[in-house]
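Subject: the structure, and what turned up in it

Hi,

Here is the structure I promised to send over. Have a look at it first, then read on for my notes.

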Amino acid sequence: MSAAALARNDSPPDRDAPASAATRRAYGLLPALALLIAWEASSRFALVDPKILPSLAAVLQRAVTELSEGRLLGDIGASLARDLVGFALGSALGVPLGLALGLSRTLDRVIGPTFNAVKQIAIFAWIPLLSVWFGVGEEAKIAFIALAAFTPAVVNAWNGARAVPPKLAEVAEVLTLNRWQRLVTLTLPAALPSIFIGLHLGLIQSWLATVGAEYFMTVGPGIGGLMTEGREHFHMDLVFLGVLLLGLIGLALNLAATRLEARALRWRSR
């Protein structure tokens, strides 16, 4: 055995990697911690009017009150259910359309230019039209959320289907694979990373659209309705409670999507 190999075998295991990862996570929490401290200090020492910027303690107390009255969990559940239904609907329509556009040159030429033009329209510009088509109730909210998830699902599935390496296409021709076999064994595995990126982006966009739908359409159960009530009655602790919930739930959804994506694509690193 060579001296280099002996040196590698005798060297102690690297114990800095976990510590480094933990340190990076801790550093990432510092800005949020500093913001919370500044928030609490500004309110507690009257640097900002507490009626406009309630203290963090007041917001947490409001959360306890809402929980004890049984309303807060219902609002969170309503928003999450609305979000997931709209996301599932938009993704279920968007991914197949994106794959079809990527696999068919005819559809690409016929539908592609129109889709590329329509996707430039700001998402909130669709609210008046959706309100006419679906009203301002639950159907309109779901349609708005689905539209938000639909666009990134289409774009990334489209790009993924077009990004199949030419060498793999040549192998498929040599093996005389039919269209279904090419789709299952060639196109989908090659497009999966891009598809998951689209789903990840769609999940983020659908959560943002959930808040917009609840805020700009008919007020009902949900975090947006909670914030609207706080605004109308000038209960700023309720408004800030909604802001915190939106950020925390959005962060949780993002982390869950990241982990699911990493687990689903583990085969790429093997």
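Which residues make a nonpolar surface patch of about 440 Å²? The answer is Leu-129, Val-132, Trp-133 and Phe-134. A patch like this takes nonpolar side chains (Val, Leu, Ile, Met, Phe, Trp, Tyr) joined within 5 Å, from residues with over 30% relative accessible area and no salt bridge, a salt bridge being a side-chain nitrogen of Lys or Arg within 4 Å of a carboxyl oxygen of Asp or Glu. Areas are Shrake-Rupley values with a 1.4 Å probe, and for residues only the protein chains shown count as cover. Phe-134 sits in helix 6 and, at 40% relative accessibility, counts as partly exposed. For that word, the scale is: buried under 20% relative accessible area, exposed over 50%, partly exposed in between.

Before the rest, some ground rules. This is a predicted model, where local features need pLDDT of at least 70 and side-chain atom pairs count only at pLDDT 80 or more, while totals for chains, interfaces and linings use all residues. Residues are numbered from 1 along each chain as its sequence is written, and side-chain values use heavy atoms, with hydrogens and water left out.

Now the overall picture. The protein has eleven helices and zero strands; these are DSSP runs numbered from the N terminus, with helices (H or I) of at least four residues and strands (E) of at least two. Of its 270 residues, 36% count as buried. The protein exposes about 16,300 Å², and carbon and sulfur atoms supply 68% of that. Taking contacts (heavy atoms within 4.5 Å) between residues at least 6 apart in sequence, 72% join residues at least 24 apart.

On to the inside. The largest nonpolar core has 24 residues, and Leu-72, Ile-223 and Leu-241 have the most contacts inside it. At least two core residues come from each of helix 3 (56–68), helix 4 (72–103), helix 9 (179–216), helix 10 (223–232) and helix 11 (236–264). Helix 11 gives the most, with nine residues. By core I mean buried Ala, Val, Leu, Ile, Met, Phe, Trp, Tyr and Cys residues joined through side-chain atoms within 4.5 Å. Leaving out residues up to four places away in sequence, Leu-241 touches Val-59, Arg-62, Ala-63, Glu-66, Leu-72 and Leu-226. Apart from that core lies another, of eleven residues, including Leu-130, Ile-145, Ala-148 and Met-217.

Then the aromatics. There are three aromatic pairs, counting rings of Phe, Tyr and Trp (its six-membered ring) with centres within 6.5 Å; planes under 30 degrees apart are stacked, over 60 edge-to-face and the rest tilted. Phe-115 and Phe-150 pair edge-to-face, 6.4 Å centre to centre with 75° between the planes. That pair links helix 5 (residues 105–118), which holds Phe-115, to helix 7 (residues 138–162), which holds Phe-150, 35 residues apart. Both Phe-115 and Phe-150 are buried, and together with Trp-158 they form one aromatic cluster. Phe-124 and Phe-144 have ring centres 5.5 Å apart and planes at 50°, so their pair is tilted. Phe-144 is buried, at 0% relative accessible area, whereas Phe-124 is partly exposed at 41%.

One last thing to look at is Phe-234, in the loop between helix 10 and helix 11. Its phi is near 55°, a positive value in a residue other than glycine. Most residues other than glycine have a negative phi.

Cheers

Definitions and conventions:
Buried means under 20% relative accessible area, exposed over 50%, partly exposed in between (1.4 Å probe, protein chains only). Patches are made of residues with over 30% relative accessible area and no salt bridge: like charges are joined within 9 Å, nonpolar side chains (Val, Leu, Ile, Met, Phe, Trp, Tyr) within 5 Å.
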